[in-house]
Amino acid sequence: MSRSLRALPDCWGHRGASSRFPENTLASFEAAIRDGAEGIESDVHVSKDDVVVMFHDPSLGRTTDSKGEIKEQNWYGENGMRHVRTIKEPKQAIPTFEETVGLLMRPENQHVKFNVDVKVQNDPDRLFALMHKIISAQPDWETALAPRILLGLWHPRFLAFAKARLSYCRRSYIGNSTYIARKYFWKDCDTFSMSFGSLTTSDGEKFRQECKIAGKNVMVWTVNERAHMMEAVRWGVNVIITDVTQIWLDLRAALQADYDKTGSQYGRSFLWTTLGFYTPVLSWYSSTGRSYLEKVAGPFDDFISPQMFDANS
């Protein structure tokens, strides 16, 4: 096969086209789709009055003109979150999960995949029940919508609830630890959404090969630099998740036109000159990340028995 015809990673917009529009808004999602992204990634939380909203942080203060924990705010009412607007221009409302599903169900968008990043502050049973109610209300949802939804899970506590409530959705591990991916998620996920740094090490290379042997998909985030995008291409990942959808799509088009010429413009020295890609630093990030997840949602081993890792399964 000509190198210019090789399969190149899909483009999924991280919180939409979030470099140009307020993150996790309909405007951002629509921009990523217009750019040509094959998927969008966003995050979910639940309001006090049981509305699933697309929002990254557990609180409103960083990106909006309001403040407070989402779980303590109502969506409806005079002071409800439906009136909140983003700080970043053009000012946007917070979208609900139902509105986002509506966007994806438009005839022109029924090719777009949806990576739902399930934040650990959620009660998984409550969240997944609310999501199922919205998903199953769509016309032909079992064929037109469910296969396009990928649940992104950080904590093994959420696996059993995902399998019980949303068994028709594919599942992925999200994180920066190949150890956690292997020990807790290998059997129950067909996709692994890994931080770019976690795949730069020798163990990251080994993990990528294990996924390839086992037929698991690999997604990498959040990849915004062209040299990093090119490295992810060399790794053979399935999806690049990026804030800068148009930049990756333009680079991908150039690679399709002339892979060798385009690829030769991007070196690999950053792998050795970037402190953040050294194993001790990555191990620290992984350890502190797990500590945070366990502080919020409980010890991993309290919720699921460790899984026997087998790269061939």
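# Close-up views of a predicted model

**View 1. The lining of the largest cavity.** Glu23, Asn24, Thr25, Met54, Phe55, Thr63, Thr64, Thr86, Ala93, Ile94 and Pro95 line the largest cavity. This is a predicted model, in which local features need pLDDT of at least 70, side-chain atom pairs count only at pLDDT 80 or more, and totals for chains, interfaces and linings use all residues. Residues are numbered from 1 along each chain as its sequence is written, and side-chain values use heavy atoms, with hydrogens and water left out. A cavity is a set of points, on a 1 Å grid over the protein atoms alone, where a 1.4 Å probe fits but cannot get out; lining residues have an atom within 4 Å of a point. One cavity of 30 Å³ or more turns up in a search of the whole structure. The volume of the largest cavity is about 40 Å³, a volume being the space filled by probe spheres set on the points. Its lining has five nonpolar, five polar and one charged residues. Here Ala, Val, Leu, Ile, Met, Phe, Trp, Tyr, Cys and Pro count as nonpolar, Asp, Glu, Lys and Arg as charged, and the others, Gly among them, as polar.

View 2. An unreviewed UniProt entry lists residues 9-252 as "domain: GP-PDE". Such annotations may be inferred rather than shown by experiment. Over residues 9-252, the chain is 34% helix and 19% strand. The end C-alpha atoms of that stretch are 8 Å apart. Helices (H or I, at least four residues) and strands (E, at least two) are DSSP runs, numbered from the N terminus.

View 3. H9 covers residues 245-257, 13 residues in total. From first C-alpha to last it reaches 18 Å, close to the 18 Å expected at 1.5 Å a residue. That expected span is 1.5 Å times one less than the number of residues. Which residues of H9 are buried? They are Thr245, Trp248, Leu249, Leu251, Arg252 and Leu255. Seen down the axis of H9, these buried residues fall within an arc of 165°, so they line one face of the helix. The arc is that of the directions from the helix axis to the C-beta atoms. Buried means under 20% relative accessible area, exposed over 50%, and partly exposed in between (1.4 Å probe, protein chains only).

View 4. Most residues other than glycine have a negative phi, and most peptide bonds are trans. A cis peptide bond joins Glu89 and Pro90, with omega about -10°. Pro90 sits in the loop between strand E3 (52-54) and helix H2 (97-104). Arg15 is not a glycine, yet its phi is positive, about 60°. Arg15 lies between strand E1 (10-14) and helix H1 (26-35), in the loop. Arg15 is buried, at 14% relative accessibility. Asp140 also has a positive phi, near 55°. Its loop runs between helix H3 (124-135) and helix H4 (141-144). Asp140 is exposed, with a relative accessible area of 59%.

**View 5. Residue pairs separated along the chain.** Arg34, in helix H1, is exposed at 59% relative accessibility. Met230, in helix H8 (residues 226-235), is buried at 1%. Met230 and Gln265 are 35 residues apart in sequence and 9.4 Å apart, C-alpha to C-alpha.

Conventions
1 Å grid on protein atoms, 1.4 Å probe; cavity = no way out; pocket = protein on both sides within 12 Å on 5 of 7 lines; lining within 4 Å.
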